[in-house]
Amino acid sequence: MPNWGGGAKCGACEKTVYHAEEIQCNGRSFHKSCFLCMACRKALDSTTVAAHESEIYCKTCYGRKYGPKGVGFGQGAGCLSTDTGDHLGLNLQQGSPKPARPSTPTNASKFAKKMVDVDKCPRCGKSVYAAEKIMGGGKPWHKMCFRCAICGKSLESTNVTDKDGELYCKVCYAKNFGPKGIGFGGLTQVEKKE
C-alpha cells in the first residue's frame with residue numbers, strides 16, 4: 001500500500017511519523033511521545049538512549065539486560081546487585097552464557113558504525129566520543145584526562161608536549177627530559193654549591 005504524503009512508520013506504534021514530530025535512532029523513526037524505554041517506559045532522548053538491534057532502552061535497563069553481571073557491576077564498587085530486572089520485564093537468564101555476538105553489526109546503519117569506531121583514551125582506556133575528544137600526541141583524549149602525567153596540570157595545545165605516548169606540561173618535560181646543567185631543568189646556582 002502506498003504511503004500517500006506521509007512520513008516513515010514509527011518503530012513503536014507503527015503509525016506515520018511526520019517530520020515535525022520525528023526522532024531518529026538506529027535507522028528507525030519514532031514519535032517524540034513513543035520514544036520510550038521498552039522496559040521501564042521512561043522517556044528517552046539522545047543522551048539517555050541505548051539501542052540494541054531494533055530495541056531501545058534507557059541506559060539503566062540496557063545495562064541490566066545486556067551489561068556485565070556479578071559483584072561490582074551496575075551498582076558501584078563492591079556491591080552485589082540483586083536486581084534481576086523482573087519488575088521491568090527484562091527476563092534475565094542467570095548462569096546461561098550469552099551467544100557470541102558478531103564483531104561487526106548486522107545492521108550497518110550510521111549509528112551502528114559510529115558505535116563500533118569509537119576511539120579509546122590512552123590514560124583511562126574508556127571510549128572517547130567526538131564531543132569530548134581532544135587530540136594530543138596523535139591520540140584522542142578526554143578533557144579530564146588531558147593532563148600532565150607528572151604534576152597533573154590541565155593542558156592546552158599551547159603548553160602540551162608528548163614523549164613515549166604520555167603527555168607533559170612544558171615545565172615538567174624540561175625538568176625531566178630536557179638538557180641538564182646550570183640554567184637548565186630547574187637547577188640553580190644554590191643547588192650547585194651544595
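The side chain of Lys59 comes to 3.4 Å from the backbone oxygen of Thr47, a polar contact in the sense of a pair of N or O atoms within 3.5 Å, where within protein one must be able to donate a hydrogen and the other to accept it, and where residues adjacent in sequence count only if both atoms are side-chain atoms. This is a predicted model, in which local features need pLDDT of at least 70 and side-chain atom pairs count only at pLDDT 80 or more, while totals for chains, interfaces and linings use all residues. Residues are numbered from 1 along each chain as its sequence is written, and side-chain values use heavy atoms, with hydrogens and water left out.

Lys59 belongs to helix H1, residues 59-66; helices (H or I, at least four residues) and strands (E, at least two) are DSSP runs numbered from the N terminus. Beyond its neighbours within four places in sequence, Lys59 is in contact with Thr47, Thr48, Val49 and Ala50, contact meaning heavy atoms within 4.5 Å.

| Pair | Kind of distance | Value |
|---|---|---|
| Lys59 and Thr47 | side chain to backbone oxygen | 3.4 Å |
| Lys59 and Val49 | C-alpha to C-alpha | 6.2 Å |

Elsewhere, strand E3 (residues 22-25) pairs with strand E4 (residues 28-31) in the antiparallel sense over four bridges, pairing being assigned if DSSP finds at least two bridges between two strands. Gln24 has Ser29 of E4 as its bridge partner, and in this hairpin, with two residues between the strands, Asn26 takes a positive phi near 55°.

The chain as a whole holds four helices and 12 strands.
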